[in-house]
Amino acid sequence: MIKRALSYFFGTATAIVLTLWSSTSGFAQDPAKGEQLFTNNCASCHNVGEQKLIGPGLKDVDKRHDEAWLIKWIKNPAGMVASGDEAATKLYDQYKPIMMTAFGSLSDDDIKSILAYVKEKNSAPAAPAAGTAVAGGGGGAAQGDGEQSSGFFGIVLVALLVVMILMLVALFGILTVLNRLATVDPSSPEAQKIPFFARLKESTGKLGNSPAFRTGALLLFVLLAGKATVDGMYGIGIHQGFAPKQPIAFSHKLHAGEYKIDCNYCHTGVNKGKQANIPSPNICMNCHNAIKGSSPEIQKIYRAIEKDQPIEWIRVHNLPDLAYFNHSQHVNVGGLQCQQCHGEVEKMEVIEQRSTLTMGWCIDCHRKTSVNSKDNHYYDKLVEIHKKDGVKDMKVADIGGLECSKCHY
Amino acid sequence: MKKYLPFVWIAASLVVVGLASLKRDPQHQAWEFAPNMYYPVGYEPLSQIDANPINSATGKGNLNMRVPVKGTIPRQYFASTDGDSVISKLEKMDMIARNIGPNDLAVAETALTNPFPTDEKVTKQGELLYGRYCLHCHGGSGKGDGPVGKKYGGVPVYSSDALKDLNDGHIYHVITYGKGRMWPHGSQVSPEDRWKIVQYVHKLQQEP
């Protein structure tokens with residue numbers, strides 16, 4: 001009886017010891033678990049690599065301090081500084097007044113896992129493998145693009161060839177006309193004796209006297225002069241294509257396109273008022289306090305803030321003062337996309353006026369666009385009344401979108 | 001005279017061909033028919049045609065906008081601070097929040113609560129606003145993996161142990177004054193919008 005009890009006791013004891021042993025050695029350093037713990041607890045202040053965020057970058061942290069010290073530090077950093085630990089005090093002096101948060105809830109194994117993850121992340125071989133995979137994928141995509149564009153280039157090539165043949169025909173025609181007009185056969189030996197300029201002078205003189213050529217030239221002249229005049233007249237007051245060099249080479253393509261920053265983040269007034277607003281430097285600084293601070297273009301923001309002087313952006317889109325336009329009415333109430341009037345801003349390196357912004361352009365849209373009356377009780381009665389009149393699809397023009405005094409007052 | 005006629009013709013043709021094939025110079029605006037009707041006589045906040053003679057004296061160049069008098073606060077709901085409506089609650093919260101300084105995170109945690117009721121509609125509006133002001137850093141599900149966040153670094157995970165229980169006041173205060181790596185966003189996001197975002201962030205905190 002006692003024997004059985006004893007063997008039972010020893011059995012459980014060995015089992016417990018075994019579990020403990022396996023938990024400390026077998027699962028102690030699990031980088032996958034470490035990654036999860038790192039992103040949840042550490043990533044807001046520490047980078048895995050060398051970059052300094054709020055606290056130091058954790059690359060080679062295991063070489064700077066030994067594991068036991070790190071575990072103690074992470075669990076109670078303030079206590080270590082208070083106790084006068086030399087390394088801890090040095091670290092605190094470097095990052096004063098910020099004190100690292102204590103992570104008493106993390107077990108020794110958790111911390112070991114995190115350290116294992118940091119070590120794994122910084123060991124070199126993993127990165128190039130991923131890099132080649134990406135490069136391979138990129139290459140494939142580029143090839144696909146190549147095929148597509150080669151088809152396009154084929155069409156261009158054929159078109160160019162046709163143009164060249166036409167030009168050859170035209171040149172040949174001119175040559176025969178010139179030959180016919182020449183008094184001396186240009187291929188005869190006596191023609192070679194006459195100097196080149198004399199020959200040219202004679203040929204052009206004769207060409208000038210030919211009535212067919214004169215009529216043709218006059219017609220071409222009148223047509224081109226007419227086109228230049230009409231184009232010039234239509235272009236008065238229309239700044240379409242205006243894309244001035246701005247004081248800072250800001251790229252919408254990078255910010256709105258690649259990094260997908262919403263238009264509203266910087267143009268804060270677009271849903272709230274008449275103007276969309278040009279962001280003040282403090283909005284730039286939300287990211288550029290850390291990102292690419294050494295670039296000369298970004299230095300311009302810092303200088304503007306230091307001197308407390310505005311950055312003088314050149315206004316691109318401007319409606320004449322005689323017309324009233326309100327952004328919030330169109331964007332917030334009407335639900336229009338910015339791109340509808342401003343073009344594909346997220347693809348523009350330099351901001352450009354894409355639309356004409358003429359009155360005809362405004363009116364055209366007011367005629368075509370249905371009123372966004374969904375979930376907007378302001379329009380309930382209007383919709384009802386229009387339905388009675390047989391207008392099912394209420395356009396902006398139906399509710400006064402063409403009235404002069406809506407915009408001109 | 002007749003001797004030079006061909007040259008005159010050639011020169012005229014060149015000028016016309018040049019004019020006809022001219023593309024507008026993107027560096028300059030087009031000709032204007034009546035600039036005195038296009039440009040406002042009064043000062044506009046975001047454009048300046050002639051130098052501003054008043055503000056140039058203050059050393060601010062052509063700045064049209066003036067800094068409000070120190071201590072100025074917007075009072076759009078001033079008349080309605082009494083009562084139980086959302087707007088009066090919002091205004092009351094705003095009054096309290098304005099007296100909480102950038103370093104008083106602990107005070108904000110206890111003193112502020114969301115004036116908006118917890119419902120689907122507000123959360124939905126919060127989601128829209130979150131997309132505008134937060135998503136590019138904090139990511140679609142609040143995991144700190146937005147396209148800008150990856151480059152900026154140090155963007156926390158809302159659902160992590162440290163952040164998943166943070167209350168209304170804490171989140172509101174962090175949006176207003178920033179915390180750690182995050183800079184203040186109070187100038188961009190109105191108090192009303194901040195509270196709506198707070199409600200949506202609560203939803204993201206629960207997301208695994």
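Predicted model: local features only at pLDDT ≥ 70, side-chain atom pairs only at ≥ 80, totals over all residues.
Residues are numbered from 1 along each chain as its sequence is written, while chains are lettered from A and ligands numbered from 1 in the order in which they are written.

**Chain A overall**

- Chain A has 20 helices and zero strands; helices (H or I, at least four residues) and strands (E, at least two) are DSSP runs, numbered from the N terminus.
- Of the 409 residues of chain A, 12% count as buried.
- Among the contacts in chain A with a separation of 6 or more, 62% come from residues 24 or more positions apart. Two residues are in contact if their C-beta atoms, placed from the backbone, lie within 7 Å.

- Helix H14 of chain A spans residues 281–288, and Cys284(A), Asn286(A) and Cys287(A) in it are buried.
- Lys292(A) sits in the loop between H14 and H15 of chain A. Its phi is near 55 degrees, a positive value in a residue other than glycine, and Lys292(A) is exposed, with 10 other C-beta atoms within 10 Å.
- Asp308(A) lies in the loop between H15 and helix H16 (327–333) of chain A. Phi of Asp308(A) is likewise positive, near 55 degrees, in a residue other than glycine.

**The side of chain B that touches chain A**

- In the contact between the chains, 48 residues of chain B meet 53 residues of chain A.
- On the chain B side, the elements that give two or more residues are helix H1 (5–20), helix H2 (35–38), helix H5 (120–133) and helix H7 (147–152).
- H1(B) gives the most to this side, with six residues.
- By class, the residues on this side of chain B are 25 nonpolar, 16 polar and seven charged. Ala, Val, Leu, Ile, Met, Phe, Trp, Tyr, Cys and Pro count as nonpolar, Asp, Glu, Lys and Arg as charged, and the others, Gly among them, as polar.

**Helix H8 of chain B**

- Eight of the ten residues of H8(B) are buried, so this helix is largely enclosed by the rest of the structure.
- The buried residues of H8(B) are Asp168(B), Gly169(B), Ile171(B), Tyr172(B), His173(B), Val174(B), Ile175(B) and Thr176(B).
- They pack against H3, helix H4 (105–111) and H9 of chain B.
- Gly178(B) follows H8(B) and has a positive phi, near 80 degrees.

**Helix packing around H9 of chain B**

- Two packed helices are described by the angle between their axes and the distance between the axes.
- Helix H8 (residues 168–177) and helix H9 (residues 191–205) of chain B pack at an angle of about 125 degrees, with their axes 9 Å apart. Axes are lines fitted to C-alpha atoms, for helices over the stretch in contact, and angles run from 0 to 180 degrees between N-to-C directions.
- H8(B) and H9(B) are therefore oblique to each other; angles under 35 degrees count as roughly parallel, over 145 as roughly antiparallel, 65 to 115 as roughly perpendicular and the rest as oblique.
- The residues of H8(B) that meet H9(B) include Ile171(B) and Ile175(B), and their counterparts in H9(B) include Trp195(B) and Val198(B).
- This contact of H8(B) with H9(B) has seven nonpolar, one polar and two charged residues.
- H5(B) and H9(B) pack at about 100 degrees, with axes 7 Å apart, and are therefore roughly perpendicular to each other.
- Among the residues of H5(B) that meet H9(B) are Leu129(B) and Tyr133(B), and the H9(B) side includes Lys196(B) and Tyr200(B).
- The contact of H5(B) with H9(B) divides into six nonpolar, four polar and four charged residues.

**A loop residue of chain B**

- Glu44(B) is in the loop between H2 and helix H3 (86–98) of chain B, and is partly exposed, with 16 other C-beta atoms within 10 Å.
- Glu44(B) and Asn64(B) are 20 residues apart in sequence and 6.9 Å apart in space, C-alpha to C-alpha.

Methods: Buried ≥ 20, exposed ≤ 12 C-beta atoms within 10 Å, placed from the backbone.
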